[in-house]
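Hi,

Here's the structure I promised to pass on.

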Amino acid sequence: MTDRAAQPATIEACPNGPLLVRGDVQLVDGDGTPLERRRRTVALCRCGASAIAPFCDGSHKAIRFVAP
């Protein structure tokens with residue numbers, strides 16, 4: 001995401017849903033390998049049911065995920 005002016009990073013927890021990540025932040029996997037970002041806002045799964053983890057695919061709705 002280097003083609004835009006630097007934006008501060010923010011993380012927003014959606015009620016009973018994913019974490020929305022915005023701004024200049026590099027996402028890496030468990031081995032430290034950078035993950036490609038194709039969008040300005042990335043939704044990260046926190047229910048554990050996504051078929052495209054670490055990204056959200058909406059599975060939280062089907063399993064009725066509830067976050068405290």
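Below is what turned up, starting with the overall picture.

A quick heads-up: this is a predicted model, where local features need pLDDT of at least 70, side-chain atom pairs count only at pLDDT 80 or more, and totals for chains, interfaces and linings use all residues. Residues are numbered from 1 along each chain as its sequence is written, and side-chain values use heavy atoms, with hydrogens and water left out.

The chain has 3 strands and 1 helix, in the order β-β-β-α from the N terminus. (Helices are DSSP runs of H or I with at least four residues, strands are runs of E with at least two, and both are numbered from the N terminus.) Of the 68 residues, 25% are buried, meaning under 20% relative accessible area with a 1.4 Å probe, protein chains only.

Now the strands, which pair if DSSP finds at least two bridges between them. E1 (residues 10–13) and E2 (residues 19–22) run antiparallel over 4 bridges, and Ala13 has Leu19 as its bridge partner. Their hairpin has 5 residues between the strands, and Asn16 takes a positive phi near 55° there. E2 also pairs with E3 (residues 41–44), again antiparallel over 4 bridges, with Val21 opposite Val42.

Finally, the C-alpha trace spans about 35 × 25 × 20 Å along its principal axes. Among contacts (heavy atoms within 4.5 Å) between residues at least 6 apart in sequence, 25% join residues at least 24 apart.

Cheers!

Note on methods
Buried means under 20% relative accessible area, exposed over 50%, partly exposed in between (1.4 Å probe, protein chains only).
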